[in-house]
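Here is a briefing on one protein chain. Please read it alongside the sequence and the coordinates.

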Amino acid sequence: MVRAAVIAALLLTPVMAPGAAFAQQAVQVDQEAQASTGQPPKRVRNVTLTGDQKCPPSTADEIVVCGRDDEPYRIPKALRDDKPIPAQNQSWVNRAATIDQVGRVAGGIPDTCSPVGTGGQSGCSIMWNQQYQADRRARRAEATPPAADGE
């Protein structure tokens with residue numbers, strides 16, 4: 001049992017080493033400042049850095065521990081869902097708007113592309129343009145390869 005714990009600790013050590021080394025540098029600076037006062041630090045501050053940010057310097061009364069967050073988003077771009085939401089998962093407002101639109105098309109109101117009614121055919125070009133745009137978006141989404149490693 002102890003042997004398994006030691007092996008697991010050794011395997012995890014290289015993964016945590018860069019962050020630990022970064023924190024050790026800050027701690028060494030603080031230890032020198034504490035040695036002169038003899039008091040423990042009043043505050044330990046954890047800072048998450050993104051991009052080219054630098055770790056703020058430690059003072060005599062606080063320790064600053066810095067860590068890098070290269071991916072601030074939890075869901076990788078390749079896994080983000082941009083598909084339409086099914087009707088059973090939508091709010092009643094969206095359901096009511098869908099029912100209203102279906103009623104408009106069925107009634108032949110102008111700009112609805114319906115063979116029924118006085119102005120139903122006037123919306124056919126609008127509908128065809130919307131379908132064309134949706135087709136182009138779908139083709140672009142298929143042509144774009146998913147990003148590797150969550151980019």
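**Overall picture**

Of the 151 residues in the protein chain, 13% are buried. The model is predicted. The secondary structure comes to three helices and two strands. From the N terminus on, the order is α-β-β-α-α. The points below cover the surface, the salt bridges and the disulfide.

**Surface and contacts**

- The protein chain has an accessible surface of about 12,500 Å².
- Carbon and sulfur atoms account for 59% of that surface.
- Take the contacts between residues at least 6 apart in sequence: 24% of them join residues at least 24 apart.

**Salt bridges: the strand pair**

- How many salt bridges are there? The count comes to three.
- Side chains of opposite charge can pair when their charged atoms come close.
- Arg43, Arg45 and Glu62 are linked in a network of salt bridges.
- Glutamate 62 sits in strand E2, which covers residues 62-68.
- In the salt bridge of glutamate 62 and arginine 43, N and O are 3.1 Å apart.
- Arginine 43 lies in strand E1 (residues 43-49) and glutamate 62 in strand E2, so this pair ties together parts that are 19 residues apart in sequence.
- Arginine 45 also has a salt bridge with glutamate 62, with the closest N and O atoms 3.4 Å apart.
- Here too strand E1 meets strand E2: arginine 45 lies in the former and glutamate 62 in the latter, so the pair ties together parts that are 17 residues apart in sequence.
- The side chains of arginine 45 and glutamate 62 are also joined by a polar contact of 3.4 Å.

**Exposure within the network**

- Is glutamate 62 buried or exposed? Glutamate 62 is buried, because its relative accessible area is 11% and the cut-off for buried is under 20%.
- Arginine 43 has a relative accessible area of 44%, so this residue counts as partly exposed.
- Arginine 45 is partly exposed as well, with a relative accessible area of 28%.
- The network of Arg43, Arg45 and Glu62 thus has a buried glutamate 62, a partly exposed arginine 43 and a partly exposed arginine 45.

- Arginine 139 and aspartate 135 form a salt bridge through their side chains, at 3.9 Å from N to O.
- The cut-off for a salt bridge is 4 Å, so the pair at 3.9 Å falls within this limit.
- Both residues belong to helix H3 (residues 124-143).
- Arginine 139 and aspartate 135 are four residues apart there, so about one helical turn separates them.
- Arginine 139 is exposed, at 57% relative accessibility.
- Aspartate 135 is partly exposed, with a relative accessible area of 41%.

**Disulfide**

- The structure holds one disulfide.
- Which residues form the disulfide? Cysteine 55 and cysteine 66 do, with their sulfur atoms 1.7 Å apart.
- The link of cysteine 55 and cysteine 66 is right-handed, with 70° about the S-S bond.
- Cysteine 55 is in the loop between E1 and E2, and cysteine 66 is in strand E2.
- The two cysteines are 11 residues apart, and the pair links distant parts of the chain.
- Cysteine 55 counts as partly exposed, at 26% relative accessibility.
- Cysteine 66 counts as buried, at 5% relative accessibility.

How values were computed
Residues numbered from 1 in each chain as written. Predicted model: local features only at pLDDT ≥ 70, side-chain atom pairs only at ≥ 80, totals over all residues. Heavy atoms only, no water. Buried < 20%, exposed > 50% of the residue type's maximum accessible area, 1.4 Å probe, protein only. Contact = heavy atoms within 4.5 Å. Areas by Shrake-Rupley, 256 points an atom, 1.4 Å probe, with all protein chains shown as cover. Polar contact = N/O pair within 3.5 Å; in protein donor to acceptor, adjacent residues only side chain to side chain. Disulfide = S-S within 2.5 Å.
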